[in-house]
Amino acid sequence: GMDAIIAIGGENTLQIALEMHNIGVPVIGVPKSIDNSLSGTDYTFGFDTAVNVATECIDRLHTTAESHHRIIVIEVMGRYTGWIAVEAGIAGGADITLVPEFPIHIEEVCEALRARHGRGKNFSIIVVSEGARIAGHEEQEAEHQRTHRLGRVGELLADLIEKHTGYETRVSVLGNIQRGGTPTAYDRVIATRYGFKAVELVREKKFGKMVSLRDNKIKSVNIADAVRQHKTIDLELYEIVQAFSAS
């Protein structure tokens, strides 16, 4: 007896919404995910808030890293894509940012750290996505896939850095702290815009659609297109974090 279901969530939620649509249930999707990995939209709401939380944590840890002359590895969320790591890394001034889209080569990371030390910069901030992979440690990735548990790459990375360089290294796993708290004004605004558009789509009976943001305009796409693949990071943004790594 329902007129429609408005499904609010990320890839898993909207995949279920698509399955419901395919059997005739009237469904509209709204993209909510801190990972920002849904195709079909520039931003999911929740992402900006998570980036702000991660950036604040980076700012706070920066003080400790500099005063104690340490390497600090900060692990942020991002199972398949590195959106949080890239944007928080840029905003927080991370020295090295590592993401799932590109395998980590520990030798290159350590060489970059040695180069910084050689220039008198005796501390570094490394931001790494929880789903990032370290080349040569594929068994770790297999274990993650088997148990569906992430959250260990930061510890492994810190251990390898300390082993290869001798630099004192600490790890901070932000975890679920990124998923809660007070939403940013930007997230509140786009969530409201999404909700308004979702109700319009219900009224127009345009089911099987997901509300999306393109060039700051609210539009809609097929849910099937939105969940077909993960939206990987913007390569222009990644070039910026690569430039930081060389500085």
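This is a predicted model: local features need pLDDT of at least 70, side-chain atom pairs count only at pLDDT 80 or more; totals for chains, interfaces and linings use all residues.
Residues are numbered from 1 along each chain as its sequence is written, and side-chain values use heavy atoms, with hydrogens and water left out. Local features need pLDDT of at least 70 and side-chain atom pairs count only at pLDDT 80 or more, while totals for chains, interfaces and linings use all residues.

**Stop 1: the largest pocket**

Select K32, S33, I34, D35 and R179. Of the 28 residues lining the largest pocket, these lie nearest its centre. The space there is about 720 Å³. A pocket here is an open set of points on a 1 Å grid over the protein atoms alone, where a 1.4 Å probe fits, with protein on both sides within 12 Å along at least five of seven lines; lining residues have an atom within 4 Å of a point. Its volume is the space filled by probe spheres set on the points, which are joined across faces, edges and corners.

Now colour α1 (11-22), α2 (47-68) and α7 (185-203). Each gives the lining at least two residues. Helices (H or I, at least four residues) and strands (E, at least two) are DSSP runs, numbered from the N terminus.

Which classes make up the lining? There are 8 nonpolar, 12 polar and 8 charged residues. Ala, Val, Leu, Ile, Met, Phe, Trp, Tyr, Cys and Pro count as nonpolar; Asp, Glu, Lys and Arg as charged; the others, Gly among them, as polar.

**Stop 2: a nonpolar patch**

Select I6, I8 and V199. Together they make a nonpolar surface patch of about 250 Å². Patch residues have over 30% relative accessible area and no salt bridge, and nonpolar side chains (Val, Leu, Ile, Met, Phe, Trp, Tyr) are joined within 5 Å. Areas come from the Shrake-Rupley method with a 1.4 Å probe; for residues, only the protein chains shown count as cover.

Zoom in on I6, in strand β1 (residues 5-9). I6 is partly exposed, at 36% relative accessibility. On this scale buried means under 20% relative accessible area, exposed over 50%, and partly exposed in between (1.4 Å probe, protein chains only).

**Stop 3: salt bridges**

The model has 8 salt bridges, each a side-chain nitrogen of Lys or Arg within 4 Å of a carboxyl oxygen of Asp or Glu.

Start with D95 and R116, whose side chains meet at 3.2 Å, N to O. This pair links distant parts of the chain, 21 residues apart: D95 is in the loop between α3 (83-92) and β4 (96-98), and R116 is in helix α4 (residues 106-118). Are D95 and R116 buried or exposed? Both are buried.

Stay in α4 for R114 and E111. Their closest N and O atoms are 3.7 Å apart. About one helical turn separates them, because they are 3 residues apart in the helix. R114 is partly exposed at 34%, and E111 is partly exposed at 46%.

Next, select R70, E168 and R170. A network of salt bridges links them. Within it, the closest N and O atoms of E168 and R170 are 2.8 Å apart. E168 is partly exposed at 33%, as is R170 at 38%.

**Stop 4: positive phi in two loops**

Select K205, in the loop between α7 and β7 (209-214). K205 is not a glycine, yet its phi is positive, about 55 degrees. K205 counts as exposed, at 62% relative accessibility.

Finish at N216, in the loop between β7 and β8 (217-222). N216 has a positive phi of about 65 degrees and is not a glycine either. N216 is partly exposed, at 46%.

Note on methods
Patches are made of residues with over 30% relative accessible area and no salt bridge: like charges are joined within 9 Å, nonpolar side chains (Val, Leu, Ile, Met, Phe, Trp, Tyr) within 5 Å.
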